[in-house]
Amino acid sequence: MNRPAPRNIETEDTVNRIISTLAVCAIVACTIAPVRAADTAAAKTNYDTFCVKCHGPGGKGDGPAAATLSTNPRNFTDCAAMGKISDDTMFNVIKNGGAANGLSKDMQAWSSGFEDGEIHGLVAYIRTFCVK
């Protein structure tokens with residue numbers, strides 16, 4: 001007489017938990033992706049409106065106002081230099097200005113112009129200029 005193999009309830013429970021977890025992750029990822037796209041678009045708009053005049057449209061530090069500054073604006077396309085700067089440092093420089101971070105006073109503080117979430121968006125957007 002052939003008996004069916006005993007079921008391993010523990011293994012089935014583990015597999016079910018893994019499948020459920022993956023399903024939840026997929027749902028969350030699908031809902032977050034459009035938000036990130038909107039955040040990226042908003043960050044690009046903010047950059048184009050407020051940062052391009054010094055940092056330039058391509059992030060090379062060659063905007064129309066760059067020549068009037070005592071210090072050249074940061075070149076965001078310089079991957080070697082940008083790789084040494086943490087996101088936290090970039091956030092603090094944008095929020096509090098260059099002088100507050102031991103950098104050029106020409107980099108103004110944007111704490112009254114942007115909310116923290118917008119500054120985080122700008123940091124992420126600025127990172128896109130470094131393409132290896």
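**Entry 1. Starting at Cys130.** I began with Cys130, which counts as partly exposed because its relative accessibility is 22%. For the scale, I took buried as under 20% relative accessible area, exposed as over 50%, and partly exposed as in between, with a 1.4 Å probe and protein chains only.

I noted that this is a predicted model, in which local features need pLDDT of at least 70 and side-chain atom pairs count only at pLDDT 80 or more, while totals for chains, interfaces and linings use all residues. I number residues from 1 along each chain as its sequence is written, and my side-chain values use heavy atoms, with hydrogens and water left out.

**Entry 2. The disulfide.** I looked for pairs of cysteine sulfur atoms within 2.5 Å, which is what a disulfide means here. I found 1 disulfide. It joins Cys79 to Cys130, with 2.0 Å from S to S. What do these two cysteines tie together? Cys79 lies in helix α2 (residues 79-82) and Cys130 in the segment after α4 (116-127), so the bond links parts that are 51 residues apart in sequence. I take helices (H or I, at least four residues) and strands (E, at least two) as DSSP runs, numbered from the N terminus.

I then checked the handedness. The torsion about the S-S bond of Cys79 and Cys130 is about 135 degrees, so this disulfide is right-handed. Cys79 is buried because its relative accessibility is 18%.

Entry 3. I turned to Cys51, which is buried at 12% relative accessibility. Cys54 is in no disulfide, and its nearest cysteine sulfur, that of Cys51, is 8.5 Å away.

**Entry 4. The chain overall.** How many helices and strands does the protein chain have? I count 4 helices and 0 strands. From the N terminus on, the order is α-α-α-α. Buried residues make up 23% of the 132 residues. I also looked at contacts, meaning heavy atoms within 4.5 Å. Among contacts with a separation of 6 or more, 44% are between residues 24 or more positions apart.

**Entry 5. Helices α3 and α4.** Two packed helices are described by the angle between their axes and the distance between the axes. I looked up both values for this pair. Helix α3 (residues 87-96) packs with α4 at an angle of about 120 degrees, with the axes 9 Å apart. The axes are lines fitted to C-alpha atoms, for helices over the stretch in contact, and angles run from 0 to 180 degrees between N-to-C directions. α3 and α4 are therefore oblique to each other. The classes are roughly parallel under 35 degrees, roughly antiparallel over 145, roughly perpendicular from 65 to 115, and oblique for the rest.

The crossing of α3 and α4 is right-handed. I use right-handed when the near helix is turned clockwise from the far one by less than a right angle, and left-handed when anticlockwise.

Which residues make the contact? On α3 they are Asp87, Met90, Phe91, Ile94 and Lys95. On α4 they are Asp116, Ile119, His120, Leu122, Val123, Ile126 and Arg127. By class, I get 7 nonpolar, 1 polar and 4 charged residues in the contact of α3 with α4. Ala, Val, Leu, Ile, Met, Phe, Trp, Tyr, Cys and Pro count as nonpolar, Asp, Glu, Lys and Arg as charged, and the others, Gly among them, as polar.

**Entry 6. Ile94.** Is Ile94 buried or exposed? It is buried, at 7% relative accessibility. Beyond four places in sequence, Ile94 touches several residues, including Met107, Trp110, Ile119 and Leu122. Ile94 and Leu122 are 28 residues apart in sequence, and their C-alpha atoms are 8.6 Å apart.

**Entry 7. Asn46.** Asn46 sits in helix α1. Asn46 is buried, at 12% relative accessibility. Leaving aside neighbours within four places in sequence, I find Asn46 in contact with Cys51, Phe114, Glu118 and Leu122.

Entry 8. I looked at Gly59 and Pro64. Gly59 is buried, with a relative accessible area of 0%. Pro64 is exposed, at 69%.

Where does Gly59 make contact? Not counting residues up to four places away, it touches Tyr47, Arg74, Asn75, Phe76, Thr77 and Phe129. Gly59 and Phe129 are 70 residues apart in sequence, yet 6.2 Å apart from C-alpha to C-alpha. Pro64, with neighbours within four places left aside, is in contact with Val52 and Lys53. The C-alpha atoms of Pro64 and Cys54 are separated by 6.3 Å, at 10 residues apart along the chain.
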